Amino acid sequence: MSSPDPQVRAARNLADPSPENKPENKSESKSQIRAEDKTHDKDDKTHDKDDKTHDKTENKAVRSRSRSRGPVVAVTGAATGVGELLTARLAASDEIKQVIAIDERRGEVSEATWHVLDVRDPAIAEKLRGADVVVHLALDLDLETDPAARTAYNVRGTQTVLTAAAAVGVHRVVLCTSAMVYGALPDNDVPLAEDAELRATAEATGVGDLLEIERLGRRAPRAHPGLQVTVVRPTVLVGGTDTALTRYFESPRLLVVAGSRPTWQFCHVDDLVTALEYAALEKIDGEFAVGCDGWLEQAEVEELSGVRRMELPSAVALGAAARLHRIGLTPSPAGDLAYTMHPWVVSVSRLHDAGWRPSWTNEEVLAALLEEVEGRHTVAGRRLGRKDATAAGAAGATVALLGTAALVRRARKARRRF
C-alpha cells in the first residue's frame, strides 16, 4: 500500500527506486557515472599531488630550520683527502648551516662556499669571518716533501689559522694530528689512556711538526681567551693515504726487529671523517683518539696478510735504516721504525662516551689496506719499479739488507785494524 503523503513517497523512491523511477536513458546514466568517476579520480590525484608537495615543502622547511640553527663550519685543505671527504659530508648534513671550504685550488663539493688561497696567507682571516668552527686539515705529511719545507708549511699554516680564527670571532678550532704523538716505547701501557703523556720525539716523519701543532693548540686558548681548541688523534690511517706505516705493508717481507712487540691499531678515513664531524658539531671537545676498537698483535697481522716476516737484530735494523736515510736512498728516517717495533695503541673511550662507534674493525681495515697496496713494491720505505722489485724479491733481499751488509763489512774491517 502506498502512503497518501507525497513527501513520504518521495523519500521512499529515493531510498529504493522502483522501475518507473529509474532513469530511462541508460547510456546517459553511464556517461554521467563515468564523468563523475573521472572527476573523483582527478580530485584524488590532485589531492595526492598536493599532499606530496606539502610533504616536500614541509621537509624542506624542517631542513631549513635545522640548518638555520646549525653552525657555520670552515674546512682547510678541503679539496683533497680527508678534507674533501669531510667537506662533502658536512655539506650534506642538515645539522650544518653552511660549509666554507679553503684550499689552494677549488674542490668538487659544489654545495660549499669556496675560497682559494694558501692557509699561511693572513688574508684567510676574512675568509673565516662568520664561521663558528674551523677544522684545520691543510697539512703536508708527504714522505717525499723536503722536511724543512714541510715543517714551514705545517707549523706556519696552523699558527696563521689559529690567529686568524681568534681575530674574527671563531669560537672553536679543530686540529687533526696523530696518535703517533704518544710515542712508540717498549714500556707503553696497552692501551694508552687518551690523557697519557706525549712522549714522542721528532725523529719520525712529520711527528716533530705534529708535536709543535699540538703545542700551538694548547697555547692558543691562553693567548686568545674565548677560543677553544679540539685535537683529534687518529691511529694508523688507511684509505687513500701514503705513509711510512702503510708502506710497511708494501714490502715483500714484514720487517720485525728481534725482541720487539709490535701492535697494530688502524683507523679508516671514513671513521676519521665521522669523528671530525662530531668535533665540528661540538659533540666532543678536548683531546681524543680515533681508531678501531682493540688492536692486532704482529702474529695476527702476519696470519691475516699472508706475508711472512724478516727478523733482524735491533742494532742492525736501526743502523741500516739510519744509514739508508742519511745517504738519501729511503724517505723514512730511522725513527719511523720505532712505530713498527713498540706498542702505541690507544683507548678511544672519549668518543665512545660521546656516542660514536667505529664502522670498521682492525681486521677489515687491514684487508682494505692490503687490497689498496696490491701491486706496489716498497723496501725500507722506498718505492721500487717493477723490475727492481722483481730482482729484490727473487734474491730474497731488500734495500735495507744491502745497506746492513755494507755496515757489517765496514764494522768488521774497523775491528781488524785495532
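A pocket is an open set of points on a 1 Å grid over the protein atoms alone, where a 1.4 Å probe fits, with protein on both sides within 12 Å along at least five of seven lines; lining residues have an atom within 4 Å of a point.

This is a predicted model, and totals for linings use all residues. Residues are numbered from 1 along each chain as its sequence is written.

Look around the centre of the second largest pocket and you'll find P147, R150, T205, G206 and P333 nearest to it. Helix α5 (147-167) and helix α6 (207-223) each supply at least two lining residues, and α5 gives the most, with three. Helices are DSSP runs (H or I, at least four residues) and so are strands (E, at least two), numbered from the N terminus.

Now for the largest pocket. L139, L141, L237, T241 and T243 lie nearest its centre. The elements giving two or more residues to its lining are α3 (81-91), β7 (236-238), α7 (244-247) and α8 (269-280). Top contributor is α3, with four residues. By class, this lining has 20 nonpolar, 12 polar and seven charged residues.

| Pocket | Volume | Lining |
|---|---|---|
| Largest | about 1,100 Å³ | 39 residues |

Methods. Predicted model: local features only at pLDDT ≥ 70, side-chain atom pairs only at ≥ 80, totals over all residues. Heavy atoms only, no water. Points joined across faces, edges and corners; volume = space filled by probe spheres on them. Nonpolar A, V, L, I, M, F, W, Y, C, P; charged D, E, K, R; others polar.
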